[in-house]
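Let's take a friendly walk through this protein, looking at a pair of strands and then at the pockets. Keep the structure open as you read.

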Amino acid sequence: MPLRRSTVTRSTTSPSAASPRAATPRAATPRAATVGLAQNPGASLVRPRSQVLGQTRLVAGALILPVFAAMLWFALPRGTWPRVIIAFLFVLALYLAGAFLLRQVSIRFTSGGLIERGFFFHDNRIPAKRIATAYLVDVYRGVSTETNRQLFLLDSGGELLLRMRGEFWTDADLDRVATAFDVPIRHLPDPVTAAQLRAESPELLYWFERWPWVGGLCVAGAISLLALALIALMSPAVLVAA
């Protein structure tokens, strides 16, 4: 595992605990959850970076608006534009629902640990006493030399409790969660590629990261279904139908 090569940046345990499976279990104290919350209740909550929602708007607009503009231009002379409007409103409703769900994603500090609220309102409750080690890993962005930081909170047996990725969270949020508990913080000295992380620590990744070809097939399938629906909607037989 690449995490075995990590260095301790702040630790309250013996340096011999070099791997997530060798870390000594200890009761963690959620310091960030108890400091200053009475004066600032919002300090107990972290949310994904605000740029994420803006980026989704740009991508969705660049992909959807030209397609529906062409469909509307093609449908107006034939009087079938209401179908295009209905289809656009349906896609817009899907986007707004996704944006709403994204806004609900958060990590909350409590007196007993953390509560991670996922995209579909699933709450992952992490007791502070289970957190044994925090690992910070810098991962290259594709083939570029830029990196995104990732945080992994592990228990004493090496099981993943929480993962935060720099694509969605700021470095300040990652550091804040990592330092909120009285546990060792380990940091890989050098960045790694996504392929290295997948090969050496697959248990820390999502299924679509472990098998990227499966994730690619799922994305291709979704795009194909959408394309077929649009082709069917724009076909002359549909557009000229009464």
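Two strands count as paired if DSSP finds at least two bridges between them. With that in mind, look at this predicted model and find strand β7 (residues 147-154), which is joined to β8 by five bridges, the two running antiparallel. Within this pairing, L153 stands opposite L162 in β8. The two strands form a hairpin with five residues between them, and G158 in the turn has a positive phi of about 85 degrees.

Is strand β8 largely enclosed or largely open? Five of the six residues of β8 (residues 160-165) are buried, so the rest of the structure largely encloses this strand. Buried here means under 20% relative accessible area.

Now for the pockets. The largest pocket is lined by 50 residues, and T56, G98, L102, F119 and F168 lie nearest its centre. Elements giving two or more residues to this lining include α2 (51-75), α3 (81-104), α7 (212-234) and also β8. The biggest contribution is from α2, with 10 residues.

The second largest pocket has V139, Q150, R163, A194 and E209 closest to its centre, out of 14 lining residues. The largest share, three residues, comes from α5.

| Pocket | Volume | Lining by class |
|---|---|---|
| Largest pocket | about 1,800 Å³ | 37 nonpolar, seven polar and six charged residues |
| Second largest pocket | about 200 Å³ | five nonpolar, three polar and six charged residues |

Notes:
Residues are numbered from 1 along each chain as its sequence is written. This is a predicted model: local features need pLDDT of at least 70, side-chain atom pairs count only at pLDDT 80 or more; totals for chains, interfaces and linings use all residues. Side-chain values use heavy atoms; hydrogens and water are left out. Buried means under 20% relative accessible area, exposed over 50%, partly exposed in between (1.4 Å probe, protein chains only). Helices (H or I, at least four residues) and strands (E, at least two) are DSSP runs, numbered from the N terminus. On a 1 Å grid over the protein atoms alone, a cavity is a set of points where a 1.4 Å probe fits but cannot get out, and a pocket is an open set with protein on both sides within 12 Å along at least five of seven lines; lining residues have an atom within 4 Å of a point. Grid points are joined across faces, edges and corners, and a volume is the space filled by probe spheres set on the points. Ala, Val, Leu, Ile, Met, Phe, Trp, Tyr, Cys and Pro count as nonpolar, Asp, Glu, Lys and Arg as charged, and the others, Gly among them, as polar.
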